[in-house]
Amino acid sequence: MANREEIMAKVSELIGPFNNKGVELSPATTFQGDLEWDSLTVMDFVAAVEDEFDIIITMNMQAEIETVGQLADAVAKLMDS
């Protein structure tokens with residue numbers, strides 16, 4: 001079972017190839033505002049996260065996740081259930 005810090009580190013690693021702007025990542029980094037991702041990039045990234053953590057992130061969950069920290073919390077929650 002990974003803790004939030006480990007999940008944040010792995011999520012940050014997964015963001016790397018998609019971080020074209022070289023944005024410094026923090027739990028408050030937003031996908032749309034800071035990273036300026038379009039919907040296709042989001043879909044590719046979500047697929048990478050799902051594969052890495054062996055979870056399914058529903059469309060409803062995706063709509064509520066705006067920051068890197070929120071994603072880490074969602075991954076932790078999904079891994080617990």
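Analyst: A word on classes before we start: Ala, Val, Leu, Ile, Met, Phe, Trp, Tyr, Cys and Pro count as nonpolar, Asp, Glu, Lys and Arg as charged, and the others, Gly among them, as polar. Keep in mind that this is a predicted model.

User: How does the lining of the largest pocket divide by class?

Analyst: The lining has 12 nonpolar, 3 polar and 2 charged residues. H2 brings the largest share of the lining, 6 residues, and the pocket holds about 390 Å³ of space.

User: What makes Asp73 and Lys77 charged in the lining of the second largest pocket?

Analyst: Both line that pocket, and Asp and Lys are on the charged list, so that's how they're counted. H4 gives the most, with 5 residues.

User: Is aspartate 54 buried or exposed, and how do you know?

Analyst: Aspartate 54 has a relative accessible area of 71%. Exposed means over 50%, so aspartate 54 qualifies.

User: What makes the phi of aspartate 54 worth a look?

Analyst: Most residues other than glycine have a negative phi. Aspartate 54, in the loop between H2 and H3, has a positive one of about 55 degrees. Glutamate 36, in the loop between H1 and H2, also has a positive phi of about 55 degrees.

How values were computed
Residues are numbered from 1 along each chain as its sequence is written. This is a predicted model: local features need pLDDT of at least 70, side-chain atom pairs count only at pLDDT 80 or more; totals for chains, interfaces and linings use all residues. Side-chain values use heavy atoms; hydrogens and water are left out. Helices (H or I, at least four residues) and strands (E, at least two) are DSSP runs, numbered from the N terminus. Buried means under 20% relative accessible area, exposed over 50%, partly exposed in between (1.4 Å probe, protein chains only). On a 1 Å grid over the protein atoms alone, a cavity is a set of points where a 1.4 Å probe fits but cannot get out, and a pocket is an open set with protein on both sides within 12 Å along at least five of seven lines; lining residues have an atom within 4 Å of a point. Grid points are joined across faces, edges and corners, and a volume is the space filled by probe spheres set on the points.
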